[in-house]
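Open the model in your viewer and keep the selection tool at hand. This tour goes stop by stop, saying what to select and what is there.

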Amino acid sequence: MTLNDRLRAVFVDALELPEGTDVENLNYRGIEQWDSLGHMTLVAAIEDEFDVQLETDQVIDMSSFKVALDMLRGLSVDE
Amino acid sequence: MNLIAPSARLIDAATGEILAGAELSAAVDRTAEAYAALPPGVVFARAGTSVPTVLRYAGALRAGRAVALLDPALDPAVLADFIGRFEPAVVVGLAEGGAGADSGERPKSYQQVDDEVLGPVWRREVPPADEPHPELAVLLATSGSTGDPKFVRLSSSAVSSNAAAIAEALAIGPDEIAPTSLPLYYSFGMSVLNSHLAAGATVLVVDGGVLAREFWQAVQTYGATSLAGVPYNYEMLHRIRWSPAKYPSIRTLTQAGGKLRDEMILAFHEKISAAGGRFHVMWGCTEAGPRMSTLPADALPARVGSVGPALAGGSFSVVNAEGAETAAPGVIGELVYRGPNVMMGYAENSADLTRGDDQGGVLRTGDLGHLDEDGFVWLRGRIKRFGKIFGIRVNLHDIEEMLRDQGPVVAVSGPDKVVVFVEGIDENAARDLAGRLAERLKLHRSGFDVRTIERLPQLPNGKIDYRSLEAQV
């Protein structure tokens, strides 16, 4: 599975997204499910799945799926 | 009433626009004049975190109109029910709110108008049956996502006296810059707005909350000096290892809206003290407009767990189990607050809006606790939060405290048992916990129903939604 696919699966699972959600174009607070509570769940799920620990700024900067993906690439998470 | 002192400013983080002095005053006057053309009655303001919301709110107060601050994400059916019951002259802020915010269908007897000053509104076509009481200034919905929501009625003198008392307790002067970290329709968020505008300070209007990049960018760009949060916000900041060291302009942290764990209070107190700032634990409720007490920062760490003494102009007493009222230290009972900020009463419908002061400045808080020798309040949970197991009364708050090491836990009352919701535990652990409670409380274990829950449900203000949990039992 590609990094993109793995991250999409984490988003769908952590935010309990309905089928057919355009996950790659999601923004923080752009949908009801991705509120502050969802954000914290998502951060925990990303840390679990990719075995990373996110810094304060990374949590705050993670304002979209794309930013999250770039961030993981920056952390040298394997594709 | 005029909420805004001459030196007050509003900064719109989204546009960079700064409204101050004569310009701010003129903007508020313009909204006040726009209300004058409407039929009598209260203003319903869908209150997203925006400068137009603040102007529509302050304008209504200046026009002498009572204004209800409403969550823009309120279920359209609930909004429609509110409109039917309270017959507001106008519903403003139809375009407010982000994801999930929907005002619903235009109600009967209302016209949709795009007002030049107020923006898109629903305007009532016929005057309401009842005219609101002249002292009435602000209406806030009681928390609770289910059940029977009603309004708390706050008079203009309650709102202004509380704003002044908060400014005094927190030493809010014209140099302070407070970001809108909490929703404006939430009493704590409203009080941050009121106390700063009344003290001639600056309110930095920024949407998104403490997990949003825009929020912290605005804090840095405009040099915000304080941060207000509920326990949930501080838990989140702790979880992401936030440090005030990165935001040296922030000198004051305030916390209200429920009990923050002592170790968390001390951790934030230490962090902000090291940066030359202060941490204030406070206590309030919507019915008190909302602030009742503030713990002076120098009382930490010695008095961690207390919410401090009454604000200037207020006082506390305790009603003990026999019904006797006393201000003597050490007596445990229901805390009673007296002060100029106590609500006029509740309102279920438009007829209630005509009522004067039903409370006489006295508020039974529904919270158990005691006072110490210096009049500091020490809380021990809600008075009504008792469960019965085989006829024996157990304090649900105490049960939650016993299980603090399990993470987020809520105990609610079921039929002759207590149901405990614990986030993400398995069946074995649940059985063990039930056994542990039974042993501690010397009651049979069948009286404890420990259930796993993925996430405890929350209200928009971050507090636990007890009612929805009770509904599951």
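Two strands count as paired if DSSP finds at least two bridges between them. Helices (H or I, at least four residues) and strands (E, at least two) are DSSP runs, numbered from the N terminus. The model is predicted: local features need pLDDT of at least 70, side-chain atom pairs count only at pLDDT 80 or more, and totals for chains, interfaces and linings use all residues. Residues are numbered from 1 along each chain as its sequence is written, while chains are lettered from A and ligands numbered from 1 in the order in which they are written.

**Stop 1: a hairpin in chain B**

Select residues 409–414 and 417–423 of chain B. These are β25 and β26, which run antiparallel and are joined by six bridges. Which residue in β26(B) is the bridge partner of B:V412? Pick B:V419: that is the partner. Now go to B:V409; B:V422 stands opposite in β26(B). Two residues lie between the strands of this hairpin, and B:D416 takes a positive phi near 55 degrees.

**Stop 2: the sheet around the hairpin**

The three strands form an open sheet of chain B in the order β25-β26-β27, with mixed pairing. β25 and β27 (448–453) are the edge strands, each pairing on one side only. Neighbouring strands here are turned by 25 degrees against each other on average, direction ignored. Next, select residues 427–441 of chain B. This is helix α10, which lies across β26 and β27 and runs at about 145 degrees to β27(B). Axes are lines fitted to C-alpha atoms, for helices over the stretch in contact, and angles run from 0 to 180 degrees between N-to-C directions. Contact means that the C-beta atoms of two residues, placed from the backbone, lie within 7 Å.

**Stop 3: zoom out**

Colour chain B by domain: domain 1 is 1–382 and domain 2 is 386–472. The bounds come from an automatic or database domain assignment. Taken over C-alpha atoms, the domain centres are 31 Å apart.

**Stop 4**

Select α6 of chain B, residues 213–222. Its buried residues are B:F215, B:W216, B:A218 and B:V219. A residue is buried if 20 or more other C-beta atoms lie within 10 Å of its own, exposed if 12 or fewer, and partly exposed in between, with C-beta atoms placed from the backbone. Just after α6(B), B:G223 has a positive phi of about 65 degrees.

**Stop 5**

Most residues other than glycine have a negative phi, and most peptide bonds are trans. Select B:E87, in the loop between α3 (76–86) and β5 (90–92) of chain B. Its phi is positive, near 45 degrees. Is B:E87 buried or exposed? B:E87 counts as buried, because it has 25 C-beta neighbours inside 10 Å. Then try B:R241, where phi is positive at about 55 degrees. B:R241 counts as exposed, with 11 such neighbours inside 10 Å. Finish at the bond between B:G289 and B:P290: this peptide bond is cis, with omega about -5 degrees.
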